[in-house]
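Here are a few notes to go with the model. Have a look at it first, then read on.

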Amino acid sequence: MTGNHKDKSITRRRALAVTGGTVAAGGLAVAGYQAAFADTATTTAEEATTASASASESSGCMTLMSSVTEGPYYLDGALVRKDITEGKSGVPLTLRLTVVDATDGCTPVKGAAVEIWHCDAWGYYSGYTTANPGGSAPAESEDGSTADDDTYLRGYQIANADGVVKFETILPGWYTPRTCHIHLKVHTGGQKEDGTYEGGKVNYTGQLFFDDTIAEEIFTLEPYSKHSGSYTTLDDDMVYDGGGASSGLLTLEAVHKKDPSKGYKGFLTVAVDPDAENTGAGSGGGGGTPPGDAPSGAPGDAPSGTPSASASS
């Protein structure tokens, strides 16, 4: 089943990618970003919400998340930073992930490095800004932003003593033939160096997913609505297996229930085995090849120094 896109409104701006499977309007107001990116640890109400979300996920945290292929849009060298937007326009998303050890009673994995990357509101990934996202979309360069075309919407965060990391980003758009998703890897044993994360090993490679109802509502807003075409729903996605939170489906809370443009907060507990290693490179699991006839800089012609691309996205 696919969903069709309409039109409405948010602002614009401009400046990377993995596949994973089972483990997470008119003008966008600055106030919307501030509300969505407010530190949830500063208020008792926010803490209660987080605790509730974590509790609802914890019942499944003993189920080890299974890694899948990293896909064709992954790049090494993402920066360690909380805000990965670089000014990219879209509906704000505060993403709070809790990494736990599924082999040791779901204890927090302190120091785990969580790496995420995803496409922008029109389906473009940094590092691959000329790759056709499918459907009809403006060129990535038309978004008016000053984001770095090699680094936007990519980053690391290091888990605190409670295994928690927090990112400030935007809800991803879509590209053919995938549903709305965020790629992630969990690393352990390395360290922050020169602004990025070096050494150690990758314990988990996966993806985070969004409820269809929320995603399709967001896609009617600007700038998302400038990308027209057919959106792949969760049921028809080649990676999401229908397992809910244990398959990476995020718990989402609207910042303002009557105005989705104000943003969302997303929560998920990611259960891993800190002794395992799975980079996702060349592993099984679907992901979908990028749209055909992708231009230079797209998978199959990865940037210099980039790992060779796999066939999934």
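How many residues of strand 11 (residues 264-272) are buried? Nine of its nine, where buried means under 20% relative accessible area with a 1.4 Å probe, protein chains only. Strands here are DSSP E runs of at least two residues and helices are H or I runs of at least four, numbered from the N terminus.

Some housekeeping: this is a predicted model, with local features needing pLDDT of at least 70, side-chain atom pairs counting only at pLDDT 80 or more, and totals for chains, interfaces and linings using all residues. Residues are numbered from 1 along each chain as its sequence is written, and side-chain values use heavy atoms, leaving out hydrogens and water.

1. Strand 11 is covered on both faces: Tyr264 and Leu268 are among the buried residues on one side, Lys265 and Phe267 among those on the other. In a regular strand, side chains alternate between the two faces of the sheet.

2. Strand 11 has neighbours to look at. Strand 2 (residues 92-101) runs parallel to strand 11, joined by nine bridges, and Leu97 has Leu268 as its bridge partner. Strand 10 (residues 251-254) pairs with strand 11 in the antiparallel sense over four bridges, with Glu253 partnered by Lys265; pairing takes at least two DSSP bridges.

3. Now Asp211, in the loop between strand 8 (196-209) and helix 3 (212-218). Leaving aside residues up to four places away in sequence, Asp211 touches Leu234, Leu249 and Leu252 (contact: heavy atoms within 4.5 Å). The C-alpha atoms of Asp211 and Leu250 are 7.8 Å apart.

Conventions
Buried means under 20% relative accessible area, exposed over 50%, partly exposed in between (1.4 Å probe, protein chains only).
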